[in-house]
Amino acid sequence: MQDFGEAFRLAFHLVWSANPDLIEIIGLSLQVSLSAMVISCLIGLPTGAILGISRFRSRNAVIIILNAMMGLPPVVVGLCVYLMLSRAGPMGWLGLLYSPTAMIIAQSILITPIVAALSRQVIEDLHTEYAEQFRSLCVPVGTAIGALLWDARYSLLTVALAGFGRAVAEVGAVIIVGGNIEHLTRVMTTAIALETSKGDLSLALALGMVLLAIALAVNAAVMGFRMTAVRNAYV
Amino acid sequence: MFDTAIISNTSSTGEAVRDVRPILPCEVTDLCFEVHGRTIIDHIDLQLTEGSLTMIMGPNGAGKSVMVRLLHGMLFPTSGEIRWGGRPIEDSTRKSQAMVFQKPVLLRRSVSANIAFVLALRRKNSPERVEKILDSVGLSGLANTPARRLSGGESQRLVIARALATDPDLLFLDEPTASLDPASVLAIENIVMSARDRGVKIIFITHDIGQARRLADEVIFMHRGKIVEKSEASQFFDKPASKEARDYLAGRIVL
């Protein structure tokens, strides 16, 4: 067990000197989580918008399920993706297990319900305001969805960043499907878990600091977007 | 599901081909509208003809707003029939109409983008057209301002300009000048009169008797879901036939 002070000193040094291992891990984390965020937005935003403006019989049940899925346990998602991608699984032939792609798939599954459920609420609120005017103008469904997504863009950016925050901070799914392989699938959270269990606190602390910095930056970005939107009366 | 229609026909110039069949006259037969057993519109028969500005007046709760929503097809009648140019309400009739709601609904975009949105819907969007439309309502200097930053009067001018940008044959206005100052009221009245002079049929709801006197060609006076009186404006204001209209014009409370 290292001395805490020494561990902090080493951690700062690793960050300050832009240690190549550290940079590689951060780079992969961002690549995986940003990709998952983009994929989940491509699926979740239109899903949320369609759900926000449609009325059908089992709509409430779908919304309840979607909201419940926001709290999907990452290890369960990891396990399901593992079963799908393992050699004996239905998609084993793809050979994706223990690859960054598998991690992107797992994180996308994890955060798509978050993006869909939150965007559903945002779009539904805006649609309540626009619905009568859109009906009066005979706006086609596709155009209405596009207009709602565009006009709610600042709120939806916050939704996307919430998804990213969840993805970049989770460890359960990526450690199961990625395997935490050095120079291949090691990301910040899995590295922190490993280095802590090994007792090498300096790298774990350095990564923890970066992770916290990213969380702060994401929240600052959210606040910045909101302030811009409020200034322009777009929310 | 979201109730919409798809503009499928386009001309060689790319503009949406609109149904050219006239939507007027409008025939309303034995129209009733009830909500939770409460009668809002009570067996109304009505005929609306081309041109002219029809003013709908009456106390709160008379059913004026519900009436225009039924005419525009935003609500479905409990019984009775509305026929535009001999046809029931359909998307083609609604595309020939435009409606300005009492509370302006502005897209969360710039002033010019609000106009461009409806022009694009009708496949006739161009920067020159947007500029011309904004200029016609005195908003060209605010083209890039976020629409929701506009004052009440400017917002209402923008929504009227946006409604007229669809080039309607008929324009519904539901108390467009409620709680606006006299200068804003005048600006909006000028826009409406200029549209009427171009042949757009106007159906205008107001509580402002002075405004009705200034603008109306004919007046429909409603009370408790019924049309109590429908007459030429001059006749309505000089010799109202019903007691309710006389009381209303005299400033007495009509219950």
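**The open sheet and its surroundings**

Author: Chain A has ten helices and zero strands, where helices (H or I, at least four residues) and strands (E, at least two) are DSSP runs, numbered from the N terminus. The model is a predicted one, in which local features need pLDDT of at least 70 and side-chain atom pairs count only at pLDDT 80 or more, while totals for chains, interfaces and linings use all residues. Residues are numbered from 1 along each chain as its sequence is written, and chains are lettered from A and ligands numbered from 1 in the order in which they are written.

The sheet belongs to chain B, where four strands form an open sheet in the order β2-β1-β4-β5 with antiparallel pairing. At its edges stand β2 and β5 (87-88) of chain B, each with a single partner strand, so one side of each is left without a neighbour in the sheet. Two strands are said to pair if DSSP finds at least two bridges between them. Strands of a sheet pair through backbone hydrogen bonds, either parallel or antiparallel.

Consider β2(B) and its partner. Strand β1 (residues 26-35) of chain B runs antiparallel to strand β2 (residues 38-48) of chain B, and seven bridges join them. One example is B:V28, whose bridge partner in β2(B) is B:L46.

Strand β6 (residues 97-100) of chain B and strand β7 (residues 170-174) of chain B are paired in the parallel sense over four bridges, with B:A98 opposite B:L171 in β7(B). From β6(B), B:Q97 and B:M99 point one way, whereas B:A98 and B:V100 point the other way. All four are buried, a word used when 20 or more other C-beta atoms lie within 10 Å of a residue's own, with C-beta atoms placed from the backbone.

Helix α1 (residues 64-72) of chain B is mostly covered, as eight of its nine residues are buried; among them are B:M67, B:V68 and B:L70. Just after this helix, B:G73 takes a positive phi of about 85 degrees.

Of its 137 residues, A:A106, A:L148, A:V177, B:A161 and B:L171 touch the most other members. Helix α5 (residues 100-137) of chain A gives the largest share of this core, 19 residues. Leaving aside neighbours within four places in sequence, B:A161 has contacts that include B:I115, B:I133 and B:L134; two residues are in contact if their C-beta atoms, placed from the backbone, lie within 7 Å.

Finally, where the chains meet, 24 residues of chain B are in contact with 21 residues of chain A. On the chain B side, α2 (91-95) and α3 (111-121) each supply at least two residues. That side divides into 14 nonpolar, two polar and eight charged residues; Ala, Val, Leu, Ile, Met, Phe, Trp, Tyr, Cys and Pro count as nonpolar, Asp, Glu, Lys and Arg as charged, and the others, Gly among them, as polar.

Methods. A residue is buried if 20 or more other C-beta atoms lie within 10 Å of its own, exposed if 12 or fewer, and partly exposed in between; C-beta atoms are placed from the backbone. A nonpolar core is a set of buried Ala, Val, Leu, Ile, Met, Phe, Trp, Tyr and Cys residues joined through C-beta atoms within 7 Å.
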